[in-house]
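Subject: Model handover and findings

Hello,

Here is the structure we discussed. Please open it next to this email and read the notes below against it.

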Amino acid sequence: MKTISIAINGLKQFLVEIKLMIFIFIIAPLLFSYLYGAVYQKIMSPNMTLPKFNLVIVDNDKSDMSSPLEEIFKNNKLKSILNLSEASNISYVKDKLLSGDFSAAIIIPKNFSSNIRTGKTSNIEILKAPSAGASTDIVDSIVNTYTKQLNINIGIYSALLKSSNSTIISNAIFARLSPKLYSIINKSYVNEVNLSKKIDLNSKQQFSLNILIMFSLFIAVYEASNIIAEKEFGTLKRIESTSTSKFSFCFGKYISSFIISFILITSFVVISKLLIGVYWGNLKYIALIIFMHSILISALTALLGSVFKTGKIMRTVASLAFALMSIISGSFYPTMYNTGLMKTISQLTINYVLNNNYSNVMLGYSLSITNIIITILVSLAIMVASSLYFRFLEVKA
């Protein structure tokens, strides 16, 4: 009962400062989530497409070797990302490129096919506007692939002509080989599969989750400050005089920390869903993760409250540590940008553990009950160990 009384006193203190707590742990995170979600919306959109650009072809050859290249760019799939047009005046095209009306231009020189057949050098020229984005790189890839195929065909035809020494025979053999060559060169060895469910979080989900986890860590700082204040101002001595044990005091504080964390985290989840449309997944599973999350915050409260002797030092060290973990784990930028060593380090943070559990449910994946149980057991062990350490320090003092 004494433990419950300590917990109730902790909740009463929370109610006294509830307006400040709502602003710090609900309103401020919501604002950050909305702003960062809006900034990165286009970058992280699962339906993101390349911006459409204008491509012009100047075909000065008009041959059987140049026409197929233009047909490639008339493909229905490419029509969704480019507007194709033709022109004959190169000066006009260059002016349009400089003004930004055209994004890229393909210049096929005169006598292109005849030069290729006779072994002379002849190059297709690609011009890009100064304002052209990365989307025009697709033009380079297509032209390079086409010219490579063209070189293969010319090489085979030249070998046939050299062996047979007859244009008629070479043409006849090449005509029969062409369909097979085309089939081999264009055969795809990639199996495309459309996944039915989303494979990544959208910007609203990602940043609401990241910001929630970051701010929730500071609940532990707030609660630990109250525990340390009891020691600093001598309140704990007066509590001990009422025959309340240190274990009762500690676990009363941990229970209030758990309840406060659960209320604030749940409120954020519900309000973010209603106000900014964040999809959190299966509510029963999310409630279980919030339960684990709140116990983990209580464990951090216990650890900070027992190890540090003064509130000032604790707040400084813990705030820096939590801020650093949040930055490393990607609270302010998409986690997909983490690579190499940074990715490995980020996986060692508390933020990553919580993010992994929440995101699995938000994406519709199975919930790892084992991970949740382990996290809860480790958190309880930290609370017990912190209580013992807290008692040892008090006795030693």
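I start with one residue and its surroundings. Glu125 has a relative accessibility of 42%, so it counts as partly exposed. (Buried means under 20% relative accessible area, exposed over 50%, and partly exposed in between, with a 1.4 Å probe and protein chains only.) Glu125 sits in strand β4, residues 125-128. Leaving out residues up to four places away in sequence, Glu125 touches Ala105, Ile106 and Ile107. Contact here means heavy atoms within 4.5 Å. Ala105 is 20 residues from Glu125 along the chain, and their C-alpha atoms are separated by 8.1 Å.

Some ground rules. This is a predicted model: local features need pLDDT of at least 70, side-chain atom pairs count only at pLDDT 80 or more, and totals for chains, interfaces and linings use all residues. Residues are numbered from 1 along each chain as its sequence is written, and side-chain values use heavy atoms, with hydrogens and water left out.

Overall picture

The protein has 17 helices and four strands. Both are DSSP runs numbered from the N terminus: helices are H or I with at least four residues, strands are E with at least two. The protein has 397 residues, and 42% of them count as buried. Take the contacts between residues at least 6 apart in sequence: 78% of these join residues at least 24 apart.

Helix α10 covers residues 203-232. Its 30 residues reach 44 Å from first C-alpha to last, close to the 44 Å expected at 1.5 Å a residue. (The expected span is 1.5 Å times one less than the number of residues.) Of the 30 residues in α10, 25 are buried. At the start of α10, a side-chain oxygen of Asn202 comes to within 3.1 Å of the backbone nitrogen of Lys204.

Asn282 caps the N-terminal end of α13, with a side-chain oxygen 2.9 Å from the backbone nitrogen of Lys284.

How do α10 and α13 pack? Their angle is about 40°, and their axes are 8 Å apart. That makes α10 oblique to α13. Axes are lines fitted to C-alpha atoms, for helices over the stretch in contact, and angles run from 0 to 180 degrees between N-to-C directions. (Under 35 degrees is roughly parallel, over 145 roughly antiparallel, 65 to 115 roughly perpendicular, and the rest oblique.) α10 passes α13 in a right-handed crossing. On the α10 side the contact includes Ile213, Leu217, Ala220, Ala224 and Ile228. On the α13 side it includes His293, Ile297, Leu300 and Leu304. A crossing is right-handed if the near helix is turned clockwise from the far one by less than a right angle, and left-handed if anticlockwise.

Helices α1 and α12

Helix α1 (residues 2-16) and α12 cross at roughly 45°, and their axes come within 7 Å. They are therefore oblique to each other. This crossing is right-handed. Residues of α1 in the contact include Ile6, Gly10 and Phe14. Those of α12 include Phe249, Gly252, Ile255 and Ile259.

Two serines in α12 deserve a look. Ser272 lies in α12, which runs over residues 246-275. Ser272 counts as buried, at 0% relative accessibility. Its side chain makes a polar contact with the side chain of Trp280, at 3.0 Å. (A polar contact is a pair of N or O atoms within 3.5 Å; within protein, one must be able to donate a hydrogen and the other to accept it, and residues adjacent in sequence count only if both atoms are side-chain atoms.) Ser272 also touches Leu30, Gly277 and Val278, not counting residues up to four places away in sequence.

Ser267 is partly exposed, with a relative accessible area of 23%. Ser267 and Ile26 are 241 residues apart in sequence, yet 7.3 Å apart C-alpha to C-alpha.

Positive phi

Which residues other than glycine have a positive phi? Lys62 is one, at about 50°. Lys62 lies in the loop between β1 (53-59) and α4 (67-72), and counts as exposed at 58% relative accessibility. Asn111 is another, with phi near 65°. Asn111 lies in the loop between β3 (104-108) and α7 (112-117), and is partly exposed at 40%.

Best wishes
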